[in-house]
Amino acid sequence: MNVGSLKRLVKRGFSSRWGWRLAGPLLRTPGVIVLTYHRIVGQDRSLAGVPVEIFTEQMRWLREHCDPIGPESLVERATHPTRARPAVLVTFDDGYRDLHDLAYPVLKKLDIPALVFLATSFVDEGGMLWTDQVNWAVLSTRRERVKLPWSSEETIPLTDSRARTALGERARAHLKILPDAKRRIELEALLAELGEVPPRDRQMLSWDEVRATLDLVRYGGHTHTHPILSRLDRAEADREIRTCKERILAETGRTPTTFAYPNGRAADYTSETQDILRQNGFTLVFSSAEGIADRQSDWMAVKRLSGDAPDIPDFAWLAAGLSKT
Ligand SMILES: [Zn+2]
């Protein structure tokens, strides 16, 4: 037996009822597993996301093997963990429409609470997150080669889907490091270079859909227009955070106290960002650094784990915080 199939066997055993119950407490870091999802995808797989059938399997597994909680229990459960049945908090970033259409029915059936972070301008006005605009434009452009606006000597051929995906990744990586005003200008130039692309149907939640899920879903902030907060000056960051809070309160009647940083790495927020969040009443803030929420957690930068796993053995492995091994 080779190493790959041995590892597979170990993961499969670990994800089983007895494996999880017996080996889990020994291998897992005690604390709360906070899972991150973005898009859940159904028939249309043109933009990346977790397929709904895989998501459904994951939620069934969580219901059976873990203890799904809402955000109000996070600090208590993280500081007083139980070993056999770990608490899990399911979160979604950005506020995609599929939360209502695909994820909510699954969560409802299994009675699993969720926490969703909204970039409120998209709920107000529709449109796509700029990262999705880039993805969609490179995938669907009719141009066969493009010049990057920030590196005009170079022409990139778009011969196949791999070249398109690579261009999307490269463009996003470049745009994410720019000051926000410059990012907006270069984004427009890139989209112009890619030419007209077919329109997409509505991608993000509407406020009616948000309200239709309030029995099970809590909503937190994720800024108004989804800029990376460390690329803004204080007044702009304040406006993004305050507007987001006010829009959620106005539309749901509930003051949000949770928040997730766009992009979420340590370079994407500052201590000034955290000051502004505290001043606006946010007390539980999530990053995208990998880890389990436990006694040592910084509640202004709670670590999470991506729920993006191909099957249940891999999902159980990552939920235990073992994905790097
Ligand atoms: Zn986001």
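**View 1. What covers helix α14.** The buried residues of α14 are covered by elements that include α1 (3–15), α2 (17–22), β1 (33–37), α4 and β12 (302–306). Here, buried means that 20 or more other C-beta atoms, placed from the backbone, lie within 10 Å of a residue's own. Helices (H or I, at least four residues) and strands (E, at least two) are DSSP runs, numbered from the N terminus. This is a predicted model, where local features need pLDDT of at least 70 and side-chain atom pairs count only at pLDDT 80 or more, while totals for chains, interfaces and linings use all residues. Residues are numbered from 1 along each chain as its sequence is written.

**View 2. Inside α14.** Look for P313, F315, A316, W317, L318 and A319, which are buried. Six of the eight residues of α14 are buried, so the helix is largely enclosed by the rest of the structure. Just after α14, G321 has a positive phi of about 75 degrees.

**View 3. α4 meets α14.** Helix α4 (residues 52–65) packs against α14 (residues 312–319) at about 55 degrees, with the axes 10 Å apart. Axes are lines fitted to C-alpha atoms, for helices over the stretch in contact, and angles run from 0 to 180 degrees between N-to-C directions. On the α4 side, E57, Q58 and W61 meet I312, F315 and A316 of α14; contact means C-beta atoms, placed from the backbone, within 7 Å.

**View 4. Around V116.** Leaving aside neighbours within four places in sequence, V116 is in contact with F92, G95, L99, V217 and Y219.

How values were computed
Contact = placed C-beta atoms within 7 Å. Buried ≥ 20, exposed ≤ 12 C-beta atoms within 10 Å, placed from the backbone.
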